[in-house]
Structure formats: structure tokens, C-alpha cells
Amino acid sequence: MIKEIIVVEGKDDTVAIKRAVEAETIETGGSAIGEAVIRRVMLAQERRGVIIFTDPDHAGERIRKIVAQRVPGCKHAFLPQEEALYKGDIGVENASPEAIKRALANLRTEATSDTAGLAEVTMEDLMQAGLLVHPQASDRRLKMGNLLGIGYANGKQFYKRCSMFRITREEFMRALTTMEQASEGDQ
């Protein structure tokens, strides 16, 4: 059983999580997160810890951001979009139990105030890696986000996530090498 309580968007997400692992969830009921839900998440964080596991789309990222701002110190599980897609619909509820288990095995924790300055990845690193101002920057960020376990984000948010989740330069360079080797294999 997973000790932390998993924050998901809705009932179908809870069903998918419970197919994959033994865990308890709090459902936000979509992107209009009420104060009662936030209070429950705060209590869960205080007592057991929280994992935010939202859909890999714009609405899911909005919910993740709201919960993370209001409830500091949450862990984050990210699901690649291609593993959450079914007939044009993106959501945790569409993921296989194996994909959910992988996402939960690769949790990321936000940096705290005493460790926030440890991230080594710079904007220059992102530029040199072709993640900003590059014809395929968006696709490259998607691949790197999946490799690093931080999900897809635009350039500015990608940089913030590298800092927030304390991605080291070494970790970043390993993922970049893996991505480029996979690209060479595709050609």
C-alpha cells in the first residue's frame, strides 16, 4: 500500500489508480478546486504526505500548480501523454496499470527553501540542448520531460521544473544523451 494519499482529478482516475496499486485518493472534481478539497489535501499532507497525479494536459497542469502552491512539499507523479491517450482523450484514467506504477515509482519532490538553490541546470543548458529557440524545441522538451520524469512544459516552465525538482546537470546530460541516441536510432 502506498503511504501517501494521491490527488487525482476525478472518479475514473481513482478507479485507474486502484487497478494499479493499493492507495487512497482525493479527487479534486476537476479544475474548480474548492476550499474544502484544499483543506483535505492540507490535512493529508500533514498526516501522510501527498502525491499529485493529474492528467498530462493543460487542465491537469493547472490543477497540479494550484495544489502545489497551496500545499507545499507535495510529491509529483508524471505520466507521459502517449501513455495516457485513448481515442483522442488524455487522462490518467486511460493509462495502463504498468504506466501508473512506473509514474509512481519515479516520483519527484519539490525543492524546499533550504535546497532550492541546488539545481544546476541553466537556461544556457536548455538552449544548447535545443529545448528553447529550436525548430523542434517543443518535441525535444516532451521527450526530455518524459526521460527526466517531470512531464511536458513550455520552455520557461521546463526550466522552473528543473529547478523545482532539483534536476542536476549530470542527470540532465544523461537524459539528453539518451534522447539523442534514440533520435540517431530513428534515422
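This is a predicted model: local features need pLDDT of at least 70, side-chain atom pairs count only at pLDDT 80 or more; totals for chains, interfaces and linings use all residues.
Which residues does the UniProt annotation "domain: Toprim" cover? According to that record, an unreviewed entry, the answer is residues 3-86. UniProt positions are given here in the numbering of this structure, feature names are shortened, and such annotations may be inferred rather than shown by experiment.

Residues are numbered from 1 along each chain as its sequence is written, and side-chain values use heavy atoms, with hydrogens and water left out.

Back to the annotated stretch. When I say helix or strand, I mean DSSP runs numbered from the N terminus: H or I over at least four residues for helices, E over at least two for strands.

Let's go to the sheet. It is an open sheet of 5 strands, in the order β2-β1-β3-β4-β7, with mixed pairing. β2 (25-27) and β7 (108-109) stand at the edges with a single partner strand each, so one side of each has no neighbour in the sheet. Two strands count as paired if DSSP finds at least two bridges between them. As background, strands of a sheet pair through backbone hydrogen bonds, either parallel or antiparallel.

Now look at β1, residues 5-8. This strand pairs with β3 (residues 50-52) in the parallel sense over 3 bridges, and 3 bridges also join β1 to β2, again running parallel.

Buried means under 20% relative accessible area, exposed means over 50%, and partly exposed is in between, using a 1.4 Å probe and protein chains only. In a regular strand, side chains alternate between the two faces of the sheet.

Next, a pair of helices. The axes of α1 (residues 11-20) and α4 (residues 97-105) come within 8 Å and cross at roughly 85 degrees. That makes α1 roughly perpendicular to α4. Axes here are lines fitted to C-alpha atoms, for helices over the stretch in contact, and angles run from 0 to 180 degrees between N-to-C directions. Under 35 degrees counts as roughly parallel, over 145 as roughly antiparallel, 65 to 115 as roughly perpendicular, and the rest as oblique.

Which residues make the contact? From α1 we have A16, I17, R19 and A20, and from α4 we have P97, I100 and K101. Contact means heavy atoms within 4.5 Å. By class, that is 5 nonpolar, no polar and 2 charged residues. Nonpolar here covers Ala, Val, Leu, Ile, Met, Phe, Trp, Tyr, Cys and Pro; charged covers Asp, Glu, Lys and Arg; the others, Gly among them, are polar.

Let's follow the chain on from α4. N106 sits in the loop between α4 and β7 and is partly exposed, at 47% relative accessibility. Leaving aside residues up to four places away in sequence, N106 touches H76 and G149. N106 and H76 are 30 residues apart along the chain, and their C-alpha atoms are separated by 8.7 Å.

Two lysines come next. K87 is in the loop between β5 (85-86) and β6 (89-90), and K87 counts as exposed at 76% relative accessibility. K143 is in helix α6 (residues 137-148) and is partly exposed, at 35%. Again leaving aside residues up to four places away in sequence, K143 touches M179 and S183. K143 and P80 are 63 residues apart in sequence, with 9.0 Å between their C-alpha atoms.

Finally, two backbone details. V133, in the loop between α5 (123-128) and α6, has a positive phi of about 45 degrees although it is not a glycine. V133 is exposed, at 78%. R166, in the loop between α7 (155-164) and α8 (169-186), has a positive phi of about 55 degrees and is not a glycine either. R166 is partly exposed, at 29%.
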